[in-house]
Amino acid sequence: MIFIFRYSFAYFLDLVFGDPYWFPHPVRFIGKWISSLEKILYRFSNKYYSGVFLWFATCAITFIISFYLAKNEYLEIFFLYTSLATKSLAMEGKKVIRLLEEGDLDKAKKELSYLVSRDTKEMDEEQISMSTLETIAENTVDGVISPMFYAFIGSHFHFLGVSLALPFAMTYKAINTLDSMVGYQTEQYNLFGRFSAKMDDIANWIPARLAGGIFIPLAAWILGFQAKKSYQIFQRDGNKHASPNSGQSEAAYAGALGVQFGGKIFYFGEAYEKQKIGDALFPFSVEIVRRGVKLLYGTSFCACILFILLGGLYHGFTWR
């Protein structure tokens with residue numbers, strides 16, 4: 001089956017089905033593996049090297065299983081679909097939008113608390129809207145662009161006649177899951193999760209810059225948003241974030257929508273002053289978040305088309 005149809009179909013499945021709550025998503029199994037192995041490895045005295053072993057063991061088993069799944073082209077397409085999160089990310093944003101439109105701030109704050117680590121109890125509507133849009137902007141990279149990027153890179157390599165598109169994409173998901181589970185600067189995980197956090201930064205470095213410098217501005221241009229401003233703010237403010245990657249997509253979103261992220265944020269009862277990203281041309285609102293959801297879909301579409309075309313040109317429009 002030619003390249004353009006196979007990856008298009010995987011992307012189409014994500015747009016239609018997303019990640020249903022009842023579905024046993026592969027990331028859940030990766031998470032269970034991490035939790036089980038963590039209980040064993042955390043007992044060792046050298047927490048850093050135990051964490052390094054956890055990272056290698058998780059990535060290796062994910063790569064091997066994905067390789068054998070990729071031998072069947074239909075399973076390959078299905079699991080490539082599960083590596084994407086365009087619709088599920090959009091739906092999470094829409095849930096908060098709906099609750100804000102209904103005027104139920106308490107439920108909106110509770111729904112938001114499932115998506116962010118910051119305190120939500122004292123937030124007003126504008127702060128809820130900002131945090132929701134910030135989450136969409138940040139996760140555009142690790143939920144959409146990075147899996148596409150690694151599937152594209154993997155499609156250039158074969159082993160025993162099997163494309164490594166799926167193993168590359170799913171191994172990236174394992175790297176991202178490791179970071180989300182142990183990559184915290186806390187007393188428990190500062191050493192144990194340090195390697196996982198660093199590897200996640202490295203894995204997202206190129207995709208984050210492709211997103212902020214190309215895909216988001218391009219989508220903004222197609223949608224009639226501020227494309228030029230998106231690229232300008234990406235260049236100006238992309239590095240104004242504690243994370244080396246999160247600020248890239250946030251800056252591009254901020255420029256495209258004319259908003260400003262940052263300011264005083266509360267985490268676990270303590271206030272932190274985050275650097276400001278973007279220009280506050282418009283206040284945060286339900287409509288701004290809705291435009292952000294459109295930008296998410298537009299960005300994923302632009303990235304998918306460009307990766308498919310580049311891959312097709314390289315392979316002569318054949319996957320294997």
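Analyst: A UniProt feature is given here in the numbering used for this structure, and such an annotation may be inferred rather than shown by experiment. Please also keep in mind that this is a predicted model.

User: Which residues does UniProt list for "transmembrane region"?

Analyst: The UniProt entry, which is unreviewed, lists residues 48-68, 149-170, 206-225 and 295-317 under that name. Such a record can be set beside the model. Residues 206-225 are 90% helix and 0% strand, with end C-alpha atoms 24 Å apart. For residues 149-170 the model has 55% helix and 18% strand, and the end C-alpha atoms lie 12 Å apart.

User: How should I read a salt bridge, and how many salt bridges does the count come to?

Analyst: Side chains of opposite charge can pair when their charged atoms come close. The cut-off is 4 Å between a side-chain nitrogen of Lys or Arg and a carboxyl oxygen of Asp or Glu. By this rule there are eleven salt bridges. Among them is the pair of Arg 290 and Glu 101, whose closest N and O atoms are 2.3 Å apart. Arg 290 belongs to helix α12 (residues 286-315) and Glu 101 to helix α5 (residues 86-101), so this pair ties together parts that are 189 residues apart in sequence. Arg 290 is partly exposed, at a relative accessible area of 28%.

User: Where do Asp 106 and Lys 109 lie?

Analyst: Both are in helix α6 (residues 105-113), three residues apart, which is about one turn of the helix.

User: Is Lys 109 buried or exposed?

Analyst: Residues under 20% relative accessible area are called buried and those over 50% exposed. Lys 109 has 13% relative accessibility, so this residue counts as buried.

User: Which residues are linked in a network of salt bridges?

Analyst: The network links Lys 229, Arg 236, Asp 237, Lys 240 and Asp 279. Within this group, the side chains of Asp 279 and Arg 236 meet at 2.9 Å, N to O. Asp 279 sits in the loop between β4 (270-278) and α12, while Arg 236 sits in helix α10, so the pair ties together parts that are 43 residues apart in sequence. Arg 236 is partly exposed, with a relative accessible area of 43%.

User: What does Asp 237 touch, leaving out residues up to four places away in sequence?

Analyst: Asp 237, in helix α10 (residues 227-237), touches Gly 247, Ala 251, Lys 276, Ile 277 and Gly 278. The relative accessible area of Asp 237 is 0%, so Asp 237 is buried.

How values were computed
Residues numbered from 1 in each chain as written. Predicted model: local features only at pLDDT ≥ 70, side-chain atom pairs only at ≥ 80, totals over all residues. Heavy atoms only, no water. Helix = DSSP H or I, 4+ residues; strand = E, 2+ residues; numbered from the N terminus. Buried < 20%, exposed > 50% of the residue type's maximum accessible area, 1.4 Å probe, protein only. Contact = heavy atoms within 4.5 Å.
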